[in-house]
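Q: Could we go through this structure together, starting with the metal site and then the fold?

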Amino acid sequence: SAEPAPPYATSDKTSFAYISAKDRWPIIVTGAIDDIHRAIVACDDDAKRKEGKMILEGLAKLKYELQHDRQLTPLEDDGQPDIAGYNKQLEALSNPKWFSVPWLYSECYLYRRIATFFALSTHWRTYDVFSRQKLSTFKSSRPAVLELAAKYSALIAQLENDAYLTQSPEDLEKAERILFTEMCEICLWGNATDLSLLTSLTYEDIQKLQGSEARKKAEKNVLVNDLPAADEVLIKAKREGKSDRRLDIVLDNAGFELFVDLVLAGYLLAAGLATQIILHPKSIPWFVSDVLPADFAALMSALADPQTFYSAPDDPDTGKPPQPLSEKMEEDLYLLFRHWSELHAEGQLIIRPNVFWTSADSYWQMPKAEPRLYGDLKESELVIFKGDLNYRKLTADAMWETTTPFTTAIGPMGVGSGVRTLALRTCKADTVVSLPEGEDERLKAMEGGGGEDGSRKWAWSGKWAVVQFCDGKA
Ligand code: F6P
Ligand code: MG
C-alpha cells in the first residue's frame, strides 16, 4: 500500500515507546548531564566552562520538560539544513506533548535537540557527550574482541592458503556460504549491545552476549533468517564475474558492534564477495552509541596500539585494573588495524556520512526527502541495515500485523525499488514483521513475553532477532 500503518506513540502504555519516554530517556539525559559536569570540572578555560554550564542548563530543562509532559518546542536553528524538516514535522503533529507523540519522531527529536546545544556553542561544537560511554564499553568487551581478532587473523591466512584456493568451485562456494553465515551472525548479535539499552543491562550481561558460546545458544532466537537469499546474491555476482560489486552497511553502534561490522566487511572484501564496501555513519551523537566518523578513528587508533589502549589508567566506572595483552593478542589486533587501514587507503572501505540518517524521517520518506541517497543505494549489490532503529525506520515504526510481509512493510524500499535490503536486527522495539502465523502469540505466552498485559514485551530486550531480506532489484 502507499501508506504505512499508524506509528507507535508514547501515549500507548503497553508499548516500549511509553516506557522509553518515562524511564529510559530521563536516564539517558541524566547521563549526558553527568558527562558534561565531569568535563566542566576538568576544564581550566573560563569561557568554555561558562558555556558548558549553559549546555548543562539546556539539558536539565529538556529533562524537566520531558518528565513534566510539556510540549516539544521547535528546535533552535543551529545552521544545519535538517532543522527546518524537524520543525515542519513538529508543526504537522500540531505541537504535541512528550507523552502523546509518535515514538520515532520524539526519540529522534531528543537527540537532535541535544545536538543543538553543542552546535550553538563555540567551545563544545565537536564534543560528543556519549563518547566516554562508548569507549569504556568497548574496553569492557575485550574478551570478545580478542576472541574475534584471533579468529580473523586465522581466517585471513586461510583465505590466502593454496589448499583453500584450489578447492573445486563448488566446495569453495560451500565454504563461502558457511563463513558468510557465521560472519553475519557475529554481526547480528554485535547489535545486542547498544548503549541506549544499557539502562537495563549490566556490563556482565553484555559480555555474556558477545562470545561465540553465546552466539551458538542464540541461533534458535533468530525468528526469521533470510541470510541464504542475501548470500546467494553476492555469490552469484561473483560467479558472473561482475567487476564492480559494491556493498553498503548502514551502521548502527560504535565500539564492539562497529568492530564486528568491520570484521564482516574485511571478510567480504578478502573473500572477493564484494569489491567495495561503503559504511554509512551518523553525523551527530545519536541514540547514545551510534557510530560517528570520530568513533571509527578512535577504534583504529586503539587497534594500532592495543597495549596502550588496554593499559591506560582504567575508567573509574569499570574499576578493574588493566591486564597486559600477550604478544599474540597484540599481533592479532595489530593485524586487524593493518588490514582495515589498507582497505581504507585503497578506497575499498569508504565512510560516507549523510544528514538524512539523523533526520526524523523513516525510510519510507527517502525517495522524496533524499533522492540522491536513494539513487546511490541502488548502485549497491546489497545494503545491510544494522540494528533496531534502522529496522524501525525501514518499517516506518508502524503498528503492522506481525504477519505483514517485510517487503510490504518497507514500502518504497521494497520490490521494484532497485535497492536490495538486508536487515540484521535484534528486537528492541514493538514493530516486528514477517513472522509466521502464531509466532507472536507463542512468544507473548512465554514468561515475561508480555501476554499478561497485552504488550509485546518479548520484543524489547534484544534477546530475539530477525534477519530479513528484500530483493528490490527483482
Ligand atoms: O528500543 C530501545 C532502543 O533504544 C530504541 O530507542 C532504539 O530504536 C534502539 O533501541 C536502539 O538500538 P539500535 O542501536 O539497535 O538501533
Ligand atoms: Mg544504535
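Q: Before that, what kind of model is it, and which conventions apply?
A: This is a predicted model, in which local features need pLDDT of at least 70 and side-chain atom pairs count only at pLDDT 80 or more, while totals for chains, interfaces and linings use all residues. Residues are numbered from 1 along each chain as its sequence is written, chains are lettered from A and ligands numbered from 1 in the order in which they are written, and side-chain values use heavy atoms, with hydrogens and water left out.

Q: Which protein donors does the magnesium ion (ligand 2) have?
A: Asp252 (OD), Asn253 (OD1) and Asp290 (OD) are its protein donors, at 2.1 to 2.2 Å. Donors are N, O and S atoms within 2.8 Å of the metal (3.2 Å for Na, K and Ca); water is not among the atoms, so sites may look incomplete.

Q: How are the donor residues spaced in sequence?
A: The spacing for the magnesium ion (ligand 2) is D-N-x36-D.

Q: Is aspartate 252 buried or exposed?
A: Aspartate 252 is buried because its relative accessibility is 6%; buried means under 20% relative accessible area, exposed over 50%, and partly exposed in between (1.4 Å probe, protein chains only). Asparagine 253 is buried too, at 3%.

Q: On to the fold. What is the strand order in the open sheet?
A: The sheet has 7 strands in the order β1-β7-β6-β5-β2-β3-β4, with mixed pairing. Strands pair if DSSP finds at least two bridges between them, and the elements are DSSP runs numbered from the N terminus: helices are H or I with at least four residues, strands E with at least two.

Q: Which strands stand at the edges, and why is one side of each left without a neighbour?
A: The edges are β1 (222–225) and β4 (349–351); each has a single partner strand, so one side has no neighbour in the sheet. Neighbouring strands are turned by 15° against each other on average, direction ignored.

Q: In which sense do β5 and β6 pair?
A: Strand β5 (residues 382–386) pairs with strand β6 (residues 420–426) in the parallel sense, over 4 bridges. Within this pair, valine 383 has threonine 421 of β6 as its bridge partner.

Q: What does helix α12 touch on the sheet?
A: Helix α12 (residues 256–270) packs on the sheet and touches β2 (246–250), β3 (276–280), β4 and β5. Its direction makes about 165° with that of β3. Contact means heavy atoms within 4.5 Å, and axes are lines fitted to C-alpha atoms, for helices over the stretch in contact, with angles from 0 to 180 degrees between N-to-C directions.

Q: New topic: at what angle do α6 and α15 pack?
A: Helix α6 (residues 142–159) and helix α15 (residues 327–345) pack at about 65°, with their axes 9 Å apart. On the α6 side the contact includes Val145, Leu146 and Ile156, and on the α15 side Met329, Leu333 and Trp340 are among the residues met.

Q: Where is arginine 112, and what does it touch?
A: Arginine 112 is found in helix α4 (residues 103–119) and is buried, at 1% relative accessibility. Not counting residues up to four places away in sequence, arginine 112 touches Leu75, Asp78, Gln80, Asp82, Ile83, Tyr86, Ile284 and Trp286.

Q: Finally, what is phi of serine 94 and of aspartate 397?
A: Phi is near 55° in serine 94 and near 50° in aspartate 397. Serine 94 lies in the loop between α3 (82–92) and α4 and is exposed, at 57%. Aspartate 397, in the loop between α18 (387–394) and α19 (406–409), is buried, at 0%.
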